[in-house]
Amino acid sequence: MKQDLEAWLSECLLLRCDVDEVVDILEQQGIPSQETKSKIDHLLAMPLFKTASRVMRDMKRLEWQMSIYQNNYEILLNEVGFTEIDVTAFDQAMFLERHYIASQPLVIRNFLKGSVALQTWTDREHLKANYGQFQVEVKHGDKLHPEKLEDKYFAFADFLDLIGQPEDIKRYIYYMTAYNAAKNQPLVDAMMHEIVTPDYGAVDDGSHECVFLWVGPPMTKARFHIDMKSGLLTQVVGRKRVLLAPPHHIHHMYMMENHFASEIDVDRLDAYRHQLYCQKVQPVEVVLEPGDAVFLPATWWHYVEALDESISLTFANFKWFNDYQWFHQVFPEFDKL
Ligand SMILES: O=C(O)CCC(=O)C(=O)O
């Protein structure tokens with residue numbers, strides 16, 4: 001109890017709550033004001049508390065800086081709007097300058113124009129006949145506990161049959177994701193000859209490293225998160241709904257302990273628990289039709305929901321610098337969460 005009280009008091013002090021109010025609240029709980037005041041003096045004098053206060057001030061300063069970006073982003077949205085083009089207007093130099101380097105998203109309609117996969121991959125029998133023998137790794141779990149996913153292994157043909165079964169997918173999550181990429185690289189290598197893209201600045205060595213395949217049933221969701229690479233999320237089969245929010249909302253996203261995903265459940269917003277998100281974040285919503293792509297710059301928040309049975313590819317294989325993994329090197333413990 002003593003420890004709980006100290007933790008609560010420390011948090012109040014770090015968050016700069018009104019000290020008199022804190023003393024009053026505890027007095028109502030039967031703790032004499034003199035006792036609380038001397039506890040506060042004791043906490044304020046601790047070296048650890050002084051360090052925590054300094055870190056907290058740095059965080060607040062960052063939050064203030066972020067609010068400037070937020071204002072500018074609102075001006076951009078009002079004056080220019082969210083950028084969406086058809087692939088016929090796509091130009092690598094424009095993409096590099098206005099989107100890749102500027103960290104601004106871009107929707108590219110018909111990005112996969114000319115790809116036979118737009119037809120052939122809608123046919124389960126084509127996929128089974130040509131790629132069904134590949135062993136694949138997918139994420140699996142109970143929809144009631146979406147945070148507890150484990151890796152499962154199937155022949156690709158069996159996995160495709162499974163995600164076509166309405167009863168099973170109502171209750172369970174089956175999703176081939178970028179997190180399974182290492183095991184599924186041979187499948188991606190085999191499938192890519194059916195895909196054509198404009199020259200978006202991919203590495204030119206014929207490899208498909210950093211091309212990620214996502215296959216899953218309707219209603220599959222990826223909660224709001226950020227990535228350590230920029231990527232072009234590209235829809236091949238079915239539609240996906242994407243919500244996007246800029247990086248400067250980091251203080252409004254209620255990050256989970258891994259510091260990459262948000263607690264926010266966009267289908268069940270909790271205006272009390274997630275007040276800052278509800279008040280400050282108005283994500284841009286985009287629906288990707290088959291063939292469309294959206295550029296997701298690293299650290300942009302994105303939530304993705306499959307509206308149909310879906311196959312997507314994320315191209316993160318840019319020839320320009322695209323690796324911000326240093327965070328994991330500095331904080332390896334985040335890998336384990
Ligand atoms: O499509 C999804 O479910 C998630 C895609 C994604 O997060 C990405 O491409 O970075």
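1. I began with strand β9 (residues 240–245), which pairs with β10 in the antiparallel sense over five bridges. Within this pairing, R241 stands opposite V287 of β10. Please keep in mind throughout that this is a predicted model.

2. Zooming out from that pair, β9 and β10 belong to an open sheet of four strands, ordered β7-β12-β9-β10 with antiparallel pairing. The edge positions are taken by β7 (221–225) and β10 (284–288); each has a single partner strand, so one side of each is left without a neighbour in the sheet. From one strand to the next, the twist averages 15°.

3. Strand β6 (residues 211–216) deserves a look of its own. Six of its six residues are buried, so the strand is largely enclosed by the rest of the structure. Both faces are covered: V211, L213 and V215 are buried on one side, and F212, W214 and G216 on the other.

4. What does β6 pair with? Its partner is strand β13 (residues 310–315), in the antiparallel sense over six bridges. Here F212 has T314 of β13 as its bridge partner.

5. The largest nonpolar core has 58 residues, and those touching the most other members are M176, F212, L213, V236, V294 and L313. Strand β6 gives the most to this core, with five residues. Leaving aside residues up to four places away in sequence, L313 touches I195, V211, F212, L213, T234 and V236.

6. Lastly, the overall layout: the domain assignment gives domain 1 (2–45) and domain 2 (82–336). Their C-alpha centres lie 46 Å apart.

Methods: Residues are numbered from 1 along each chain as its sequence is written. This is a predicted model: local features need pLDDT of at least 70, side-chain atom pairs count only at pLDDT 80 or more; totals for chains, interfaces and linings use all residues. Domain bounds come from an automatic or database domain assignment. A residue is buried if 20 or more other C-beta atoms lie within 10 Å of its own, exposed if 12 or fewer, and partly exposed in between; C-beta atoms are placed from the backbone. Helices (H or I, at least four residues) and strands (E, at least two) are DSSP runs, numbered from the N terminus. Two strands pair if DSSP finds at least two bridges between them. A nonpolar core is a set of buried Ala, Val, Leu, Ile, Met, Phe, Trp, Tyr and Cys residues joined through C-beta atoms within 7 Å. Two residues are in contact if their C-beta atoms, placed from the backbone, lie within 7 Å. Axes are lines fitted to C-alpha atoms, for helices over the stretch in contact, and angles run from 0 to 180 degrees between N-to-C directions.
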